[in-house]
Amino acid sequence: MAVSPLAGFNNLSIPSGKQQTKFAGQSVRAIPIRVLTVGKKRSQGVQLIVDEYMKKLKHYCSVDDVRIKSNPRNARDVVAQIEHEDMAVMGHIRPDEWVVMLDERGHDVGSEQMASLIGDAGNKGASSLLFCIGGPYGHGRQLRERANISVKLSSLVLNHEIAVVVLIEQLYRAWTILKGQNYHH
Ligand SMILES: C[S@@+](CC[C@H](N)C(=O)[O-])C[C@H]1O[C@@H](n2cnc3c(N)ncnc32)[C@H](O)[C@@H]1O
């Protein structure tokens, strides 16, 4: 029987407050992480930082940087642009992948909770974990329906380039937390 992609996150607990991850001292299955961003060409400075953290993250799991051009069909109105970007994003999602949508209105998670989220995805059967950063006007309807969870990185609205930098550092931080390494204080 096929396992619903929602099966794990239905049970995902996001504990409140700063606390140790429930995976401290336990082994975690290292599933691939894919970071999908919708946007224009990245600036060199942002790309350097993303590359640096991707390299660090690759010590723990495989990582893919999936890029989608914003407004891929040169739509003239915002609604059509969001829909075209949404379709392009959906085309990259794998059926048994757990999808984390980054959104300014999402769950407010701390770094330990992000570590638990990665641990849960690995240990509850997801084949890979996809983190989605939207285009200039945010995510479309299909992705919102498909996402297993929506997470905020800050109460501030971030440009997609800043969002990917914050996200990738947090993914690295999360793995150091899972491994009990001396990076997160
Ligand atoms: C320029 S923002 C889009 C802002 C738009 N107002 C919206 O409704 O999403 C581009 C993308 O960056 C990400 N992003 C921006 N601020 C964020 C935040 N505080 N937390 C999580 N993701 C954020 C989201 O994925 C968003 O779709």
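**Reading the rings, sheet and core**

Guide: In this predicted model, ring pairs link Tyr53, Tyr60, Tyr172, Trp175 and Tyr183 into a cluster.

Visitor: How many aromatic pairs does the count come to?

Guide: The count comes to 4 aromatic pairs.

Visitor: What describes a pair of aromatic rings?

Guide: Such a pair is described by the distance of the centres and the angle of the planes. Here, Tyr60 and Tyr172 form a tilted pair, with 6.2 Å centre to centre and 45° between the planes.

Visitor: Which parts does this pair tie together?

Guide: Tyr60 lies in the loop between α2 and β2, while Tyr172 is in helix α6, so the pair ties together parts that are 112 residues apart in sequence.

Visitor: Does Tyr60 count as buried or exposed, and what of Tyr172?

Guide: Buried means under 20% relative accessible area. Tyr60 has 16% relative accessibility, so Tyr60 counts as buried. Tyr172, at 11%, counts as buried.

Visitor: What sits over the ring of Tyr53?

Guide: The charged end of Lys56 does, 5.7 Å from the ring centre.

Visitor: Now the sheet. How do strands of a sheet pair?

Guide: Strands pair through backbone hydrogen bonds, either parallel or antiparallel. In this structure the pairing is parallel, and 5 strands form an open sheet in the order β2-β1-β4-β3-β5.

Visitor: Which strands stand at the edges?

Guide: β2 (63-69) and β5 (149-152) do; each has a single partner strand, so one side of each is left without a neighbour in the sheet. Neighbouring strands are turned by 30° against each other on average, direction ignored.

Visitor: How many bridges join β3 to β5?

Guide: There are 5 bridges between β5 and β3 (residues 97-108), and the two strands run parallel. His107 stands opposite Val151 in β5.

Visitor: Which helices lie across or pack on the sheet?

Guide: Helix α3 (residues 78-90) lies across β1 (33-39), β2 and β4 (128-133), at about 160° to β1. Helix α6 (residues 160-178) packs on the sheet and touches β1, β3 and β4; its direction makes about 170° with that of β1.

Visitor: Which residues have the most contacts inside the largest nonpolar core?

Guide: That core has 38 residues, and those with the most contacts inside it are Ile33, Leu129, Phe131 and Trp175. Helix α6 gives the most to this core, with 10 residues.

Visitor: What does Ile33 touch?

Guide: Leaving out residues up to four places away in sequence, Ile33 touches residues including Val63, Ile118, Leu129, Phe131, Leu171 and Trp175. A second, separate core of 12 residues includes Val66, Ile93, Met101 and Ala147.

Key
Residues numbered from 1 in each chain as written. Predicted model: local features only at pLDDT ≥ 70, side-chain atom pairs only at ≥ 80, totals over all residues. Heavy atoms only, no water. Pairing = 2+ DSSP bridges. Helix = DSSP H or I, 4+ residues; strand = E, 2+ residues; numbered from the N terminus. Axes fitted to C-alpha atoms, helices over the stretch in contact; angles between N-to-C directions. Contact = heavy atoms within 4.5 Å. Core = buried A, V, L, I, M, F, W, Y, C linked by side-chain atoms within 4.5 Å. Buried < 20%, exposed > 50% of the residue type's maximum accessible area, 1.4 Å probe, protein only. Phe/Tyr/Trp six-rings, centres within 6.5 Å; stacked < 30°, edge-to-face > 60°. Lys NZ or Arg CZ within 6 Å of the ring centre and 35° of its normal.
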